[in-house]
Amino acid sequence: MSTGPGADSAPAPTSTHESKTGGTFSSLKIRNYRLFATGAVISNTGTWMSRITQDWLVLSLTGSATAVGITTALQFLPMLLFGLYGGVIADRLPKRQILLVSQAMLGLCGIALAVLTLSGVVEVWHVYLVAFLLGMVTVVDNPARQSFVSEMVGPAQLRNAVSLNSANFQSARLIGPAVAGVLITTVGSGWAFLLNGLSFLAPLIGLLMMRRDELHASVTVPRAKGQLREGLAYVRGRPELIWPIVLVGFVGTFGFNFPIWLTAFADEIFDGGAGMYSFFNILMAAGSLAGALLSARRRSSRLRMLVAAGTAFGLLEIAASLSPTVWLFSILLVPIGMLGLTTNITANTSVQMAADPEMRGRVMSLYMMVFAGGTPVGAPIVGWISDTYGARIGFAAGGAISVIAALAVGFALARVGGLRLKVDLRPGRPHVRFVPREQLATAA
């Protein structure tokens, strides 16, 4: 248990300490985190039900992949416009109190959309408006929730808890789409929206039941001028922060537009329906869950893993875009989900571990701004490409941009770290790897 405000800035634990606290599910030994995780899996399931239902509702109302892209863009536009301010608020105020308000507001948004749909008056602009309101709440909820993890578990378990958060989210992604598909085809979309709204009671109860004396001491920053500029300058001067953020920005903007691609592939390419769309999401979730659990077992988050996962993720998207059959496309969705989550978790944990506690809210708001906030830019572009040139071209374009970004960031990190690419064609040796310049000169 930390005893002071600087406890979160402690160095990474030694191997001896890790052996005592290690294990895939080690963070769940902490009561406050168990309450948080239990509430999260319930609300996350509702969120995935709502996302799938929302995408299919918009497609049913408009018949346009571009409209689905606009809905996604509106939900993430506030993060792009105001994301950094959300980080400033998260650094100034107690995170638990922020989450109590934000989770309640997210639940009310779900109930509002349920009322509109069940009453039979819903129009596409209603969905647009609720999506935008959800995005406004998320501006503050995201950095507060990301930063609150360290207060619950402390630095020794932070990497494991971040990975389990993603595993939690992806577990819900396995359940949510399946339930959504059943509800859409049986009782209608409105009931899925209603269950989503009610699901936020779970995290609210969990937050209220937490023992505040067991939380690790947090750092709250007094209100002052220039805190936004201070956060940007802090990140700009640290390559271990800026380059992972740049990579997830490109991947999130152009490589993670799955609502657009999967609806188009299910509806146009393979002539399926809501059931096939839900099935595609379940397959991606299975891969994502595997990626999250594998990340939870790792002792460290190496930047070379980030670059490798980002490159492989983009290449698999290109391969999936060319798939001639639905079964091959479906198989490829599993490793795409796994590598996408590996990229995200590796970047997330690297950035959180490298950030000082008093800056963590602003750093994570910048991270989420470029990862999720780029969607308003990428989603309409990718949606337009998919409508104009076909879903296959749109999917391939997103993958190609992800590959280029990962390789560019890899070479940038190598340059900053004084590394160079070494090619060794001898049997039994790594054929391509980065080595220090001094080692390369000695070998020559």
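## Tour of the helix packing

Helix 3 and helix 15 are roughly antiparallel to each other, a term for angles over 145 degrees, with under 35 counted as roughly parallel, 65 to 115 as roughly perpendicular and the rest as oblique. This is a predicted model, where local features need pLDDT of at least 70, side-chain atom pairs count only at pLDDT 80 or more, and totals for chains, interfaces and linings use all residues. Residues are numbered from 1 along each chain as its sequence is written, and side-chain values use heavy atoms, leaving out hydrogens and water.

**Stop 1: helices 3 and 15.** Select residues 65-92 and 360-371. The two axes come within 7 Å and cross at roughly 160 degrees. Axes here are lines fitted to C-alpha atoms, for helices over the stretch in contact, and angles run from 0 to 180 degrees between N-to-C directions. Helices (H or I, at least four residues) and strands (E, at least two) are DSSP runs, numbered from the N terminus. The crossing is right-handed, meaning that the near helix is turned clockwise from the far one by less than a right angle; anticlockwise is left-handed.

Now show side chains. The contact residues divide into 7 nonpolar, 4 polar and 3 charged. Ala, Val, Leu, Ile, Met, Phe, Trp, Tyr, Cys and Pro count as nonpolar, Asp, Glu, Lys and Arg as charged, and the others, Gly among them, as polar.

**Stop 2: helices 4 and 7.** Select residues 95-118 and 189-199. These axes come within 7 Å and cross at roughly 160 degrees. Helix 4 and helix 7 are therefore roughly antiparallel. Their crossing is left-handed. Look for Gly 107, Gly 110 and Leu 113, among others, on helix 4, and for Trp 191 and Phe 193, among others, on helix 7. The tally is 8 nonpolar, 7 polar and no charged.

**Stop 3: helix 13.** Select residues 303-321. The helix has 19 residues and reaches 28 Å from first C-alpha to last, close to the 27 Å expected. That expected span is 1.5 Å times one less than the number of residues. Its buried residues include Phe 313 and Glu 317; buried means under 20% relative accessible area, exposed over 50%, partly exposed in between (1.4 Å probe, protein chains only).

**Stop 4: Pro 380.** Pro 380 is found in helix 16. At 27% relative accessibility, Pro 380 is partly exposed.

**Zoom out.** The chain has 18 helices and 2 strands. Of its 444 residues, 54% count as buried.

Note on methods: Contact means heavy atoms within 4.5 Å.
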